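Subject: Structure handover and what was found in it

Dear colleague,

I am passing on the structure that we discussed, and the notes below it are meant to be read with the model open beside them. Please take your time with each part.

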Amino acid sequence: MQKALSIIILLLSLSGCWNTDTEHVSTAEIEIIDGHALPPDPGEAGKETLLGIDSNNDGVRDDVERWIYKTYNHPIERAIFIQNARAYQKVIMEPSRAHETTKYLNDALSCEFYWTYNAKDQNETFGLDEYRSLEDEINGIQFNTAERVMAYEKYNEEFDGDVFSAPTATKEKCDFDASELMGYFNESD
């Protein structure tokens, strides 16, 4: 066993020696918030394209994901904002397909409405007093370049005066397991 462990340690130490591309080697430490490893800060490179950088391929730009985890403390609140950010990313990715992609925003709103209005007793139980306004807070980070603002405006223009009712408030539209998150919250107390 000792010999196998020594070989593994030797191989791991040698593996770093073969990387000659020092320009792309990150020396930054990985930030972890409540067990979630944040993607690296994309900096200005994250603003160079419409879709930005999503290094962990979760459907949320790295700058937005980092902002959500650093701004919100409650796991359900984070999950709601991540779902909304993922929906907005789909919307700006293909603004001309607004009638199809609006489903993602409606699902996110339905989930948010459930937790905001219908789950007040659960919110108090799990220490969540009141949700912050999505529109007031996330839009500034989600649409932080002229190209992203124009894509969102194009999405809205596709509806050409259509009128919609608010989606039904239901947790079934959440793309996360609220029961699991509530269990996590109880364990962290």
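Leaving aside its neighbours within four places in sequence, which residues is isoleucine 138 in contact with? They are Val64, Trp67, Ile68, Phe81, Ala85 and Tyr88, where contact means heavy atoms within 4.5 Å.

Before going further, please keep in mind that this is a predicted model, in which local features need pLDDT of at least 70 and side-chain atom pairs count only at pLDDT 80 or more, while totals for chains, interfaces and linings use all residues. Residues are numbered from 1 along each chain as its sequence is written, and side-chain values use heavy atoms, with hydrogens and water left out.

**Overall layout**

The secondary structure of the protein comes to eight helices and two strands, and along the sequence these follow the pattern α-β-β-α-α-α-α-α-α-α. Helices (H or I, at least four residues) and strands (E, at least two) are DSSP runs, numbered from the N terminus. The protein has 189 residues, of which 37% count as buried; here buried means under 20% relative accessible area, exposed means over 50%, and partly exposed is in between, using a 1.4 Å probe and protein chains only. The accessible surface comes to about 11,700 Å², and 52% of this belongs to carbon and sulfur atoms, with areas taken from the Shrake-Rupley method with a 1.4 Å probe, where for residues only the protein chains shown count as cover. Among contacts between residues at least 6 apart in sequence, 73% join residues at least 24 apart.

**The nonpolar core**

In soluble globular proteins, nonpolar side chains tend to be buried together. A nonpolar core is a set of buried Ala, Val, Leu, Ile, Met, Phe, Trp, Tyr and Cys residues joined through side-chain atoms within 4.5 Å. The largest one in this protein has 34 residues, and Ile68, Trp115, Ile138 and Phe176 touch the most other members. At least two residues of this core come from each of α2 (62-71), α3 (75-93), α4 (98-118), α6 (134-142) and α7 (146-157), and α3 gives the most, with ten residues. Tryptophan 115 lies in helix α4 and counts as buried, because its relative accessibility is 0%.

**The disulfide**

A disulfide is a covalent bond between the sulfur atoms of two cysteines. Counting pairs of cysteine sulfur atoms within 2.5 Å, the structure has one disulfide, which joins cysteine 111 to cysteine 174 with an S to S distance of 2.0 Å. Cysteine 111 lies in helix α4 and cysteine 174 in the loop between α7 and α8 (178-188), so the bond ties together parts that are 63 residues apart in sequence. The torsion about the S-S bond is about 95 degrees, and therefore the disulfide is right-handed. Both cysteine 111 and cysteine 174 are buried.

**Aromatic rings**

Rings of Phe, Tyr and Trp (its six-membered ring) pair if their centres lie within 6.5 Å, and planes under 30 degrees apart count as stacked, over 60 as edge-to-face and the rest as tilted. A search of the whole structure finds nine such pairs. Tyrosine 72 and phenylalanine 81 form a stacked pair, 4.2 Å centre to centre with 25 degrees between the planes, and both of these residues are buried. Phenylalanine 159 and phenylalanine 164 form an edge-to-face pair, 5.0 Å centre to centre with 85 degrees between the planes. Phenylalanine 159 counts as buried because its relative accessibility is 8%, whereas phenylalanine 164 is exposed, with a relative accessible area of 52%. Ring pairs also link Tyr88, Phe143, Tyr152, Tyr155, Phe159 and Phe164 into a cluster.

**Two positive phi angles**

Most residues other than glycine have a negative phi, and most peptide bonds are trans. Aspartate 34, which is not a glycine, has a positive phi of about 50 degrees and is found in the loop between β1 (32-33) and β2 (36-37). Asparagine 57, which is not a glycine either, also has a positive phi of about 50 degrees, and its place is in the loop between β2 and α2.

With best wishes
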